[in-house]
Amino acid sequence: MLSSEFSDFRNLAKVSIVGHPAVGKTSMLKLLSENVIVKRYIPTQGFDLKTVKFNNMIFKLWDFGGQKSYLTYLDDYLIGSDIVIVVTDSSARNVLKSKSLIERIKNIIDKECPIIVVANKQDLCESDGRMKQQLVEDILHVKTIGLTAINPLERTKLLETINKELNQVLFRKEVKK
Ligand SMILES: Nc1nc2c(ncn2[C@@H]2O[C@H](COP(=O)(O)OP(=O)(O)OP(=O)(O)O)[C@@H](O)[C@H]2O)c(=O)[nH]1
Ligand SMILES: [Mg+2]
């Protein structure tokens, strides 16, 4: 049973996390939901779902497996999303692949549903030539947050950003009523 504080469905949001394989979607999910760091890569089969309470909100976090066979079902997965988070590993190749994924997502979701990009693996910018957050944003033309999903110190910042975006979505929905 949910407490009365959370019984209002307006506070419940579907957060869809998508992206190509091994970019760090499940790492981000575990960071947000359990504050656990993922070291080993175990490809997600289908999807994983976790619930996180933060401030006034309940986030339903859907982590969709990035392998081709799962991305085929993107249209079905994304139905009813309040926000879509596209994760990239910030390598040049993956950022370009994410660009076409974003174009596809735009054709699936409602106009009111924002897309934000997470430029993950920012810890590898110096050592491995990954793109910094600003460069990823300049290429993709979508609001982009830099992240290192294996750093527990980044959890709160990420939760706050998602919370802020969702409050704007819910506010716009209320205004339209
Ligand atoms: N260096 C570094 N490694 C990371 C980071 N985030 C995730 N990883 C590593 O990247 C690998 C893949 O992470 P996952 O989170 O399982 O990838 P995924 O996007 O869920 O992959 P699929 O389930 O196949 O779609 C793991 O070995 C993680 O430890 C990061 O910010 N920096
Ligand atoms: Mg995964």
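## Lysine 50 and its contacts

Apart from residues up to four places away in sequence, lysine 50 touches Leu29, Ser33 and Leu61. In this predicted model, lysine 50 belongs to strand β2, which covers residues 47-54. The residue counts as partly exposed because 15 C-beta neighbours lie inside 10 Å, and a residue would need 20 or more to be buried.

Lysine 50 can also be placed relative to tryptophan 62. The two are twelve residues apart in sequence, and their C-alpha atoms are 6.8 Å apart in space.

## Overall architecture

The protein contains seven helices and six strands. Read from the N terminus, its elements follow the order β-α-β-β-α-α-β-α-β-α-α-β-α.

The C-alpha trace spans about 50 × 35 × 30 Å along its principal axes. The radius of gyration is 16 Å, which agrees with the value near 16 Å for a compact globule of 177 residues. Among contacts with a separation of 6 or more, 72% are between residues 24 or more positions apart. Buried residues account for 32% of the 177 residues.

In soluble globular proteins, nonpolar side chains tend to be buried together. Here the largest nonpolar core has 34 residues, of which Val15, Ile17, Met28, Val84, Ile85 and Val118 touch the most other members. Two or more residues of this core come from each of β1 (12-18), α1 (25-34), β3 (57-64), β4 (83-88), α4 (92-108), β5 (115-119) and α7 (155-176).

Which residues does valine 15 contact, leaving aside its neighbours within four places in sequence? They are Phe59, Lys60, Leu61, Trp62, Asp82, Ile83, Ile85 and Ile162.

## Helix α7

Helix α7 has 22 residues and reaches 32 Å from its first C-alpha to its last, close to the 32 Å expected at 1.5 Å a residue. This helix is hardly covered, with two buried residues among its 22.

## The surroundings of ligand 1

Ligand 1 is surrounded by 24 residues, and the closest are Gly24, Thr26, Ser27, Thr44 and Gly66. By type, the shell around ligand 1 divides into nine nonpolar, ten polar and five charged residues.

## Loop residues

Alanine 22 lies in the loop between β1 and α1, whereas asparagine 55 is in the loop between β2 and β3. Alanine 22 counts as partly exposed because it has 15 C-beta neighbours inside 10 Å. Asparagine 55, with 11 other C-beta atoms within 10 Å, is exposed.

Glutamate 112 is located in the loop between α4 and β5. Is this glutamate 112 buried or exposed? It counts as exposed, because 10 C-beta neighbours lie inside 10 Å. Leucine 96 is 16 residues from glutamate 112 along the chain, and their C-alpha atoms are separated by 25 Å.

Conventions
Residues numbered from 1 in each chain as written. Chains lettered and ligands numbered in written order. Predicted model: local features only at pLDDT ≥ 70, side-chain atom pairs only at ≥ 80, totals over all residues. Core = buried A, V, L, I, M, F, W, Y, C linked by C-beta atoms within 7 Å. Buried ≥ 20, exposed ≤ 12 C-beta atoms within 10 Å, placed from the backbone. Helix = DSSP H or I, 4+ residues; strand = E, 2+ residues; numbered from the N terminus. Contact = placed C-beta atoms within 7 Å. Rg over C-alpha atoms; globule rule 2.2 N^0.38 Å. Near = placed C-beta within 6 Å. Nonpolar A, V, L, I, M, F, W, Y, C, P; charged D, E, K, R; others polar. Expected span 1.5 Å × (residues − 1).
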